[in-house]
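The sequence and structure come first, and the text follows.

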Amino acid sequence: MKALICILVVFCCSFIHAAEKRLDNLTFRHFSTSEGLPNNMVHHIYQDRDGFIWISTFYGLFRYDGYEVRTYKSNLYTPGLLANNNVLCVAEDRSHHLWIGTHEGLCMLDKRTGDMRRMKLEGIDRHRVNEILVSKGNQVYCGYIRGVACYDEQRDTLLLMTRKNSKGTVPERVNVQAMLEDEQGDLLIGTWQDGLYRYAVKTRTFTHYPQEEVKSVLSLFQDSRGVIWIGTNGNGLLKVRFSSDKKLIIDNIYRHEERNPHSLSSDYVYAVHEDLETRSLWCGTRNGVSILPLDGEPAFIRYNERSAGHFLPVNEVSSVLRDRNGLMWIGTKRTGIFHTDTRASAFRVFYRQDTVSLAGVTTLYVDDDDALWTGLEYGADYVSDAGRVRLLPSKRLYHISHSPLRQTVLLAVHDGGIVECKQGKVIRSHTRQGCGFIPHDLVYWVHEDRKGNWWAGTYWGLGVRYRDGREYCLNHFHKQLAKEITCIAEDHDGSLWLATNNDGIIHLTGDMERPESLRCKEYRIENGGLPSNTPLCFRIDKSGRVWAGTDGSGLCLYDAQEDCFHSVHRRYYLPGDMVASIEDDDYGHLWLGTNQGLARLTTLGNEKGRVRVFTVADGLLDNFFSPNASFRKGKTFYFGCNRGINTFDSEAITENVSDVTLRITDILLDNRSVESMPAEERDVVTPFAPDFTKRLTIPSSYTNFSICFASLTYNQPRQNGYAYRLHGFDEDWRYAGADNRNVRYTKLPPGTYTFELRATNENGDWGEPRSMEIVVEPPFWATWWAYLMYLLLFISFLGFIRWMVYRRLMQHNLKSLQEGETDKMHHLKLQFVSSIPSEDEKFLQDAIACVKRHLDDPDFDVSQFVEEMSVSRTSLHKKLKSLTGQNTTGFIRSIRLKAACSLMDAAPHIRISGLAYKVGFS
């Protein structure tokens with residue numbers, strides 16, 4: 001048990017020491033007018049529920065997304081937007097309302113719609129709002145310069161707390177500076193000159209604490225352990241608690257002491273917040289930031305412009321905030337904003353820039369005695385327990401390897417051949433003049449294979465020295481090998497992969513003991529075998545996969561079926577476009593030194609394809625790594641760069657897990673923000689603000705639209721990645737970096753699309769995609785009702801054409817019939833004139849007149865005709881047959897048709913049905 005207690009004590013002490021050490025070496029990032037902040041006069045910093053940072057300043061309110069600032073202020077473009085541009089504080093409720101306290105009143109921004117409205121409070125003469133508090137129950141309280149008010153949501157009005165609606169000692173006409181909701185749900189209210197008040201919400205009762213020590217309160221804060229801290233105006237920092245009967249007890253007062261460098265930097269404490277990572281209290285004062293570790297001795301660490309050891313160019317610190325990802329933010333009165341990451345780094349550092357040449361580390365190796373061999377621009381360093389030894393001080397090293405057969409370290413040297421060393425001493429050198437396997441003394445690489453053979457990559461090609469003593473320059477056997485060989489990797493089958501200087505990759509196969517039997521297969525851009533002709537490094541993993549790092553195409557993977565290398569850099573969204581060094585661990589991770597950070601790629605298991613990116617923000621010396629300057633020994637990895645060596649234990653790497661907070665920051669139609677449109681025009685597009693838009697309608701009058709977005713992380717926002725696709729238009733995801741945080745589509749065909757967007761945080765973790773329905777409206781002439789109208793017109797046109805054709809056909813037929821009957825009648829007339837006796841002519845005229853009398857009678861038939869003509873049926877038939885050549889029925893029909901022709905001539909537009917009726921056809 002005693003041993004366990006000792007272990008715990010040692011652990012706690014080591015944690016406290018490590019935390020204090022971190023607090024002693026903080027690196028702050030500055031965000032001011034030179035970086036895009038509209039002004040440096042900051043009152044307050046606040047992070048809303050969506051992850052945006054809101055900055056209240058003397059000259060407006062600003063929203064920051066890690067990249068850009070959006071301004072909310074009254075000016076010539078948005079007159080009357082705010083009650084006053086001197087914004088003192090903001091807070092958000094659960095209904096997405098942002099409450100804005102200004103020098104001349106309260107405003108409320110509905111984040112869902114983007115609408116701003118002023119909230120008027122009756123009963124006071126001065127409307128300055130110093131503090132806004134949203135309680136756990138979503139009740140909004142406002143601290144005015146003339147008292148306290150609360151928002152009545154049902155009545156949609158502000159209510160001033162007075163003796164008429166509250167009990168106890170009500171702080172009427174009191175200058176409220178700070179408010180805090182404690183663990184019991186009561187409100188603590190700090191004032192400028194009237195001390196501290198408590199408001200019991202359940203009983204609506206105020207209690208006054210008029211102690212002299214807390215007469216002027218500037219800030220209130222409750223830490224993670226429930227301790228309440230009070231920042232005062234001239235009386236330092238107070239650590240207080242309340243008894244069971246809610247009496248105020250002051251446990252400690254921290255004040256500034258002129259001769260004590262570990263005391264509070266100023267007795268004027270504007271803001272207090274806690275850093276959970278280092279368990280420290282951060283106090284914004286009139287003289288910089290004072291940090292108090294809560295687990296150790298009460299000794300402050302000061303950061304200000306007067307502190308040489310902890311320099312920070314600030315004086316008055318008006319606001320302190322810890323965001324949801326653990327960054328600490330500092331707002332100042334005159335120098336803008338600073339933020340810092342206090343999380344511990346798992347990376348250790350060797351050879352900082354001030355101890356190496358400008359070229360930095362070119363190669364490195366750790367031998368069996370844990371001695372570190374480091375190649376520099378000039379010379380090599382051997383660092384062991386006995387100290388440091390500099391070797392070959394005038395030579396540049398390209399590669400350091402190990403000979404298991406000879407138990408020596410092999411150095412590939414510029415114009416120096418191969419140098420064998422042991423325990424920091426040069427044993428022998430191998431140069432072109434003294435051996436037969438080095439084509440040129442500029443040696444890039446030396447590799448001893450599993451059989452003990454040496455392979456040398458040089459400026460003039462590849463050479464081999466077999467274990468039995470045979471030596472060959474292989475460019476004499478194969479002209480493909482007469483190239484600059486910069487890197488060599490041995491495959492599981494004993495074949496060799498060779499990287500060249502801007503001439504692709506060569507795969508050397510065959511009987512490796514017989515140079516004449518070797519075969520060379522080249523992989524280059526020209527033959528489609530490699531997407532870049534500049535390979536830099538190789539890694540053969542435990543699964544036998546061949547990975548190649550290139551300049552320009554990043555990480556490439558060999559496809560044995562297609563016999564070529566494919567770039568997988570964009571598939572996994574790796575940083576940059578160069579992979580200079582590759583190592584792998586026992587868990588299927590590839591560790592990649594790139595030109596934009598150190599990346600860990602998971603190649604196996606459920607998280608296959610996951611990428612975690614480490615940068616200078618995580619403790620690395622640089623984001624650009626040197627080619628082939630990496631080494632793994634056990635669980636420890638070494639990566640070299642121009643500023644030194646980064647080393648780490650892969651199993652000790654703990655990820656700073658942070659949410660991927662992806663937001664739509666703006667929507668533009670024809671380069672015009674929808675939020676700047678008139679209300680009636682904007683409502684057609686979307687009634688909501690961009691981040692709350694689920695359905696976007698693009699009227700036909702617009703030719704293009706853009707969607708802007710941001711992943712709200714603030715430590716390394718340039719490391720965030722994005723991917724998007726428009727279903728119905730894009731075939732696959734399109735990827736974009738932090739510099740291209742918008743997507744633009746032009747002249748899309750009308751229709752309904754689904755836009756999907758996803759993003760990574762600064763660690764490379766992908767978040768869930770979010771979607772938006774986009775409706776591209778057609779022009780009026782291409783709408784459904786227009787097409788319906790076109791269809792109806794077309795049908796009408798077809799009907800008209802059909803009627804015209806039918807009419808013309810009928811006219812043609814009737815005309816033909818009329819001409820035929822005319823010819824017949826003319827023939828009859830000639831017969832009547834020339835050869836017909838007068839009695840027959842009279843009989844025929846009587847017959848025609850009889851039919852015409854009954855022309856419109858459809859029931860007139862042969863029987864009635866016979867009766868009226870007073871002849872027998874047979875006689876009538878014979879008589880008409882002899883005179884006209886027609887039988888009785890044909891004669892009646894011909895008279896009717898002739899009458900129809902006459903009517904058609906007299907009335908061309910007569911309907912067919914009417915015509916038939918008039919001439920007796922039913």
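## Helix α6

Helix α6 covers residues 873-884, twelve in number, and its first and last C-alpha atoms lie 16 Å apart, close to the 16 Å expected at 1.5 Å a residue. That expected span is 1.5 Å times one less than the number of residues. Helices here are DSSP runs of H or I with at least four residues, strands are runs of E with at least two, and both are numbered from the N terminus. The model is predicted: local features need pLDDT of at least 70, side-chain atom pairs count only at pLDDT 80 or more, and totals for chains, interfaces and linings use all residues. Residues are numbered from 1 along each chain as its sequence is written, and side-chain values use heavy atoms, with hydrogens and water left out.

The buried residues of α6 are L876, L880, L883 and T884. Viewed down the helix axis they fall within an arc of 75°, so they line one face of α6. The arc is taken from the directions that run from the helix axis to the C-beta atoms. On the face turned away from the buried side, K878 and S882 are exposed. Buried means under 20% relative accessible area, exposed means over 50%, and partly exposed is in between, with a 1.4 Å probe and protein chains only. Just after α6, G885 has a positive phi of about 80°.

In α5 (residues 862-869), the buried residues include V862, F865, V866 and M869. Down the axis of α5, its buried residues fall within an arc of 100°, so they too line one face of the helix. Their cover includes α4 (838-853), α6 and α7 (888-906).

S870 sits in the loop between α5 and α6. S870 is not a glycine, yet its phi is positive, at about 60°. With a relative accessible area of 64%, S870 is exposed.

## Two other loop positions

Most residues other than glycine have a negative phi. L392 is not a glycine but has a positive phi of about 45°. L392 is in the loop between β34 (387-391) and β35 (397-403), and its relative accessible area of 22% makes it partly exposed.

G360 belongs to the loop between β30 (348-350) and β31 (361-366). G360 has 0% relative accessibility and counts as buried. Apart from neighbours within four places in sequence, G360 is in contact (heavy atoms within 4.5 Å) with G375, L376, E377, C641 and N642.

## Cavities

The whole structure holds five cavities of 30 Å³ or more. A cavity is a set of points, on a 1 Å grid over the protein atoms alone, where a 1.4 Å probe fits but cannot get out; lining residues have an atom within 4 Å of a point. Grid points are joined across faces, edges and corners, and a volume is the space filled by probe spheres set on the points.

The largest cavity contains about 150 Å³ of space. Its lining has 17 residues, with R63, Y72, K111, E675 and A689 nearest the centre. At least two lining residues come from each of β5 (69-72), β8 (105-110) and β58 (662-669). By class, this lining has eight nonpolar, two polar and seven charged residues. Ala, Val, Leu, Ile, Met, Phe, Trp, Tyr, Cys and Pro count as nonpolar, Asp, Glu, Lys and Arg as charged, and the others, Gly among them, as polar.

The second largest cavity has a volume of about 60 Å³. Eleven residues line it, and A617, D618, N715, E762 and N763 are the closest to its centre.

Definitions and conventions
1 Å grid on protein atoms, 1.4 Å probe; cavity = no way out; pocket = protein on both sides within 12 Å on 5 of 7 lines; lining within 4 Å.
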